[in-house]
Amino acid sequence: MKYKNSFICFYIISLIIFIKVKICKCQYNNNYENEKFLLKLYDLDDSLITELNLHYSYTSYLFNEYYYLYQLSNIKYAIICSEEDNDLDESEIETFVFWNVASYSIFLSSSIFLNVFPLWYNEQKKNNKHFCMRIDSVGWYDNAYASICDDEHKYPCPDLIILGVTQLTHRYYNDEIIDLNKYFRNYFKKNGRPLESLLNKYSFYDYNIDNNWLAVPVMLDFRVLKFNITTFDYCISQGYNLKYPPPINDNWGKNYRDTWNWEKVFEYAKMITECTKNPGFKLLTNYYEDMNFFINICQTLNIPFFTENSELNTKKCGLRNPEYIMKLSTLRSVFENHYIENWFNETIIETWLNSDYPKSIDNLPKIEYNDTLIFDESLINGLYYTNLFSMNEYPDIKLSYYPGTSTIFGSGFVITKKSKYPDQAFEFIEIFIDEKYPFFTEANISVTPFDDRNGKQCQLNKINKKTKCNSLLELDGIYPYYYNINNITEIVYLKHISSKSDRGISIINNNTLYPLKSKIFHNIQNINFTCDNEVSYEKKTITYKDEYRIEIPINSKENLLLKSMTDVIYINQADKTKCEIYDETSKYAKPLPFPYTNFMEFKNLELRSPVSLLFSHLYYNYYKTYKKEEATFEDLIDEFCDIVDDSLIPYCKDTKILHYSLTECNIRTLKMNINYLNCKTEKNDGIPRLITCPYLPNKNYLGFTIRLFGIIFLIIEVLLLLFPIIYRKERCIYIAGINFLIITIIFCILINMSIFYWIGEFKTHKCILKVWTMILGITGYISSYSVKSKIIISVYNNKKLKSNSNKQSIFITYGIVFLIQIILLTIWTLTHKGVQKENVYYQIIGYIELNKCSTGNKRIFYLIFIIDYILLAISIVISYQGRKIPDEFNDSRKIYISSLISIFQLTLCNLVAQYNIENLILYAVMLLLIMLISLINTIVFIMPKMFIIFNFNVTESSIRVINNSTSE
């Protein structure tokens, strides 16, 4: 019974485990390992071409139909969904849109990204989200320049786009993509290793703008050089002094980079052209490749294609130098003599040659490439500048070391700003770059943007030199090797031997069968050398150099390269040889903008194609005839640089910090032109071209009007000043107080004189005098009629002045106030900085430095005006107290009216003194009002006296204001 119970328990437990395993497995398969997917393919008319049932392998992480998809063509876009979602309503399924750079005619790269979808789909399904993915083949233009994600939904809105490194800035400065800094940080938290640490050394130049990571690198490409070995053999047989380029021929020496250069390439192109009667050099026929080639030539020749003004953050053409132009003469002869194959669009060329030459660089033609040319490496005649991609391999087309420095290109994933699924988009990227999966390798040929990973063709070739050496020496026997020393080729015989688990060599010296002619081997005869990762005379080790070559020590200081003669019998480039060339080439490759980081204006060079125009001039010798007088190569470079300079100037709307200069004030318009130094404007961009002058010019009609009225008002006031002096014995003048009238008019004249300092260009003495004359005039004027008002009321209330002390105290009080103003003005003058630069804010532009008069110590400046306002307030109160005085005491009422008017005048003075009045018409009106009020105040006190003297019917005050102590 005991055993029976135990058996039952065991059975039940086993059954439960079995069921759970089945359930888990079923759920796992259903939820996370969907194997069946449906792919719909569409053509240019958005018509469905076909539907394909795909099966995904979770072993290879590729669709079983991958190599069929690889060869598809004429696909505009594809939509892939899980078959499990067939029963779901469309509203339950989201569509993730991905723009790839594949062309309509080639679906190859898009097929790679399709393999990522099942893994990404499973991750989204864990979060109860169901997705389809649409992948569009938009090409290398629309990916960067097509309109996307507008508010009106007129244009498509992709979530993920692949952009080339020179295209990133366009989308970035259009505010169409997000920076990925947040996702880079999250990647570090998740994986314990910064994503940027995985990238190659130039990724910062290409993908990081303004300290923002804009993209995750996805593909890496660089330019390589290939050649037709059959053509070389033929020309060599015809007596031409050609040698196979390195590494196939070892005669280039250890430092092949010094001997295998572009001058030698162009020399070979000339010989092949003469030999075959066909161009000996060919450029890759594709968008912008001629520009890439030319910039690369300049980098190799140490010619700065770009120069930079670090202060303005602008770049210009760097070729305007006789030394650089001389260096380019070799390239010039290649085009002029047609050593290079024609790739131009002949229709555009013919139109250009038969038209009048444009007078402006804006009207110069864009020379495009002939897109009808067949992209077929089998047609290469001589040397070929191309990329890594090759649809087919041809046995007579060989890869050589690149002359000089190659150019590295790349592309990366960006996430659009209006994507509904930015987090999911980055998850797609993470799966793509994950080293557990083959996608990253599949998308690259030789190397990848990550330092520790190789591309598809070279992924199996990351083996060390020791292993390669053992492989090269794996056959036993005696084999001939040749070496080159002092330009003499010699042969030595090596015996392949075994040394424990490794392979090695021994030098053979048999005078009959294997003679040893050179003495350099005498130190190492009868010594066994073993394969290792490094060469060492002391350790007796040799190492692998490259295909068919080993490096051996001949003494403690010198090494020698030996090459197996098997390559003379049959030359074949295995994949690992190619990968060594790729590694060597990529090691020295640089980005196009190097040494600068990526910048937006680079796209303008691509769009305007100045290099195509330059090469067209050379190829058709047109630059020699397009001018009335024969043009020179220097003229052509000048024209080229003019286009480059104009292309590299960014638009102001895309420039964050604007640098500018201002012209002189236009007397007629009262505006100053803004000359932008680091950008250019375009129509309807909202960028201001003009700003108002900071001052009112004397010769402008407003300035002239103010001066004219100022002179007229001064003449009137001077005449009014002379009137009481001339008629000082008249009773009305005498009893009104001649001193009061004269002083009042003098201070009014002083106010009007100050206005002349408020117009015209700013100068230090004018900045000081305009404040002194205005403040002293107003203070004196207010004090003058305040004294009289106080005396009138005192006389009326007391019938007589009982002592001189009352009058003297009034004079002393206002005299002290006037003195205080003078002291404050003196202190203010000492703090005054004359004419200084002042930042004035303008929308869009920001702050502009303008010449302005210094305000000195602002606290003192405010205090000066406060004192005048207090004086005015006291004057109003005093004059108001005399409102019930009989009519014959009417000066008190005049003072009251003048005080009220003076409030407005003082406020105007305060405004023009302390604030920037941008509207110069308003400014001019304010100055005129200040002068007019002074004149009115003068007339208020003088005109009644003139009416009396000239027998007009006006009643005058019977009160005498005198300076002596006489009482009535």
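**View 1. Thr386 sits in strand β15, which covers residues 383-386.** Helices and strands here are DSSP runs, numbered from the N terminus, with at least four residues (H or I) for a helix and at least two (E) for a strand. This is a predicted model, in which local features need pLDDT of at least 70, side-chain atom pairs count only at pLDDT 80 or more, and totals for chains, interfaces and linings use all residues. Residues are numbered from 1 along each chain as its sequence is written, and side-chain values use heavy atoms, with hydrogens and water left out. Is Thr386 buried or exposed? Thr386 is buried, since its relative accessible area is 0%. (Buried means under 20% relative accessible area, exposed over 50%, and partly exposed in between, with a 1.4 Å probe and protein chains only.) Leaving aside residues up to four places away in sequence, Thr386 touches Phe222, Arg223, Val224, Lys226 and Leu284. A contact means heavy atoms within 4.5 Å.

**View 2. Seven strands close into a barrel, with mixed pairing.** Follow the strands in the order β18-β19-β20-β21-β22-β23-β24. On average, neighbouring strands of this sheet are turned by 40 degrees against each other, direction ignored. Helix α18 (residues 465-472) packs on the sheet, where this helix touches β19 (488-499), β20 (502-507), β21, β22 and β23 (549-553). The direction of α18 makes about 90 degrees with that of β22. (Axes are lines fitted to C-alpha atoms, for helices over the stretch in contact, and angles run from 0 to 180 degrees between N-to-C directions.)

**View 3. β21 and β22 run in the parallel sense.** Strand β21 holds residues 528-531 and strand β22 holds residues 541-546, and the two pair over two bridges. Two strands count as paired if DSSP finds at least two bridges between them. Which residue of β22 stands opposite Thr530? Look for Thr541.

View 4. Strand β1 (residues 36-42) pairs with strand β2 (residues 48-57) in the antiparallel sense over seven bridges, and Leu41 stands opposite Thr50 in β2. Ser57 has Leu62 in β3 as its bridge partner.

**View 5. A nonpolar patch on the surface includes Leu719.** Leu719 lies in helix α24 (residues 701-726), and counts as exposed because its relative accessibility is 53%. (Patches are made of residues with over 30% relative accessible area and no salt bridge; like charges are joined within 9 Å, and nonpolar side chains (Val, Leu, Ile, Met, Phe, Trp, Tyr) within 5 Å. A salt bridge is a side-chain nitrogen of Lys or Arg within 4 Å of a carboxyl oxygen of Asp or Glu. Accessible areas come from the Shrake-Rupley method with a 1.4 Å probe; for residues, only the protein chains shown count as cover.)

**View 6. Ile827 has its place in helix α28, residues 804-831.** Ile827 counts as partly exposed because its relative accessibility is 37%. How many residues apart in sequence are Ile827 and Asn857? They are 30 residues apart, with 8.5 Å between them in space, C-alpha to C-alpha.
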